[in-house]
Amino acid sequence: MDDFPTYPSGLRLAGRRVVVVGGGHVAQRRVPQLIAAGAQVHVVAPEATPAIEGLVGSGELTWHQRGFEDGDLDDTWYCIAATNLPTVNERISRAAEARRVFCVRADDATHATAWTPATGRHDGVTVAVLSNREPQRSASIRDAVVEQLREGVLSARRGRDRTPGVVLVGGGPGEPELITVAGRKALMDADVVVADRLAPRELLGDLPADVELVDVAKLPRGRSAQQEEINRVIVERALAGKRVVRFKGGDNFVFGRGYEEVLACREAGVPVTVIPGLTSPVSVPAVAGIPVTHRGVAHEFTVISGHLPPGHPESLTEWAAVAQLRGTLVLMMAVQNAPAIADALVAGGRDAGTPVGVVCDGTMPGERTVLSTLGTLAGDLAAERVKPPAIILVGDVVAVAHPERFGDRAAGSSGGDGA
Ligand code: SAH
């Protein structure tokens, strides 16, 4: 008929009418599984094997003791043509086709609309194997898989990397699909996952039940005490032979204290590897539709932590120099200090009309963007009740993305701030 592969599907037949035509050994083999699936099984056949008759006696199926009639397939979901007469099977097949009922044929698979896989079950998992009309092959593959499941040789967790050590995994900005393939695999291989507040939480729901989850958000407060405790936990678990994933939002080395953990591991002689993540200063604007660079508009983007206000004795940022930059500024952890930062930038020479885009809860269900300017930022943040986490973008790229608000400010491609 055609060479397309079959499309596998698990039919949910509970309470649904299924018709088996024929009462011989093929029917006898199929009927128990249909009953187990909760189907309303109707056998149509002038004669039936004693086993089928027994099921009639116990009320598990209905036997129509006669030949097949097309109307048997009315209101039917699924059908098995299992008589020993090809012409009858052909008639059943046609009646099924006319009613759009999928129909298995015992005698001629090439003309059937459905094939029965070789199936087996183990521990809540159904194994179903279909080959290209080689039932023996399907059955032996099924047997091999089920046997290995029983013996524990095969399991979803088998073949994983169990080398003791610590893996720093960046989870991306929040949306669970934005983790890397390597990061996801490392999570699935872990014995212990030490997760941050900003780490994509939904991914933790997929962890195998036997993984130990250490939630850093629940550790005692205080920044440095907390970090010491994290270092202690990851080192201790790794020394006990566990594979530990240190799971953070974004990338572990971007304001994530990741390298402190690398050093702690090295000091303790614990092997440590790094799987980078999509960092929020780049990925959050991207998903919100704001490019961090744009030809003719920004030839640089600068990522700065705003957790300390300008002029703070511990600040490592030269805000007066930053104010001289013409490209895009990406401010992180800066919601609280944004008014002071905006003031410092304007005082240092950046135009008060410079567009600002604040992306809150980027890539997450509550994502929103608040548009403002350097001169009006303090008032806008308060009025819009902006709370962390947020990425604050400063520069004409915001106008490129939002011409409806900023007009043709970026269209001149001067790259300057207008002043
Ligand atoms: N290691 C992380 C950053 C940690 S610092 C990374 O690489 O992305 C925490 C700051 O990141 C927040 O204060 C905020 O500025 C920013 N951030 C992280 N995820 C964010 C998100 N989904 N939306 C907006 N800002 C986010």
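Trainee: Which residues of β1 lie on one side and which on the other, and are they buried or exposed?

Mentor: In a regular strand, side chains alternate between the two faces of the sheet. In this predicted model, Arg17, Val19 and Val21 of β1 lie on one side, Val18 and Val20 lie on the other, and all are buried. Because five of its five residues are buried, β1 is largely enclosed by the rest of the structure.

Trainee: Which strands pair with β1, and over how many bridges?

Mentor: Strand β2 (residues 40-44) pairs with β1 over five bridges in the parallel sense, and arginine 17 stands opposite glutamine 40 of β2. Strand β4 (residues 78-81) runs parallel to β1 (residues 17-21) and is joined to it by four bridges. There, valine 20 has isoleucine 80 of β4 as its bridge partner.

Trainee: In what order do the strands of the sheet stand?

Mentor: The order is β3-β2-β1-β4-β5, five strands in an open sheet with parallel pairing. At the edges stand β3 (62-64) and β5 (102-105); each has a single partner strand, so one side of each is left without a neighbour in the sheet. On average, neighbouring strands of this sheet are turned by 20 degrees against each other, direction ignored.

Trainee: Which strands does helix α3 lie across?

Mentor: Helix α3 (residues 86-98) lies across β1, β4 and β5, and runs at about 165 degrees to β5.

Definitions and conventions
Residues are numbered from 1 along each chain as its sequence is written. This is a predicted model: local features need pLDDT of at least 70, side-chain atom pairs count only at pLDDT 80 or more; totals for chains, interfaces and linings use all residues. Side-chain values use heavy atoms; hydrogens and water are left out. Two strands pair if DSSP finds at least two bridges between them. Helices (H or I, at least four residues) and strands (E, at least two) are DSSP runs, numbered from the N terminus. Axes are lines fitted to C-alpha atoms, for helices over the stretch in contact, and angles run from 0 to 180 degrees between N-to-C directions. Contact means heavy atoms within 4.5 Å. Buried means under 20% relative accessible area, exposed over 50%, partly exposed in between (1.4 Å probe, protein chains only).
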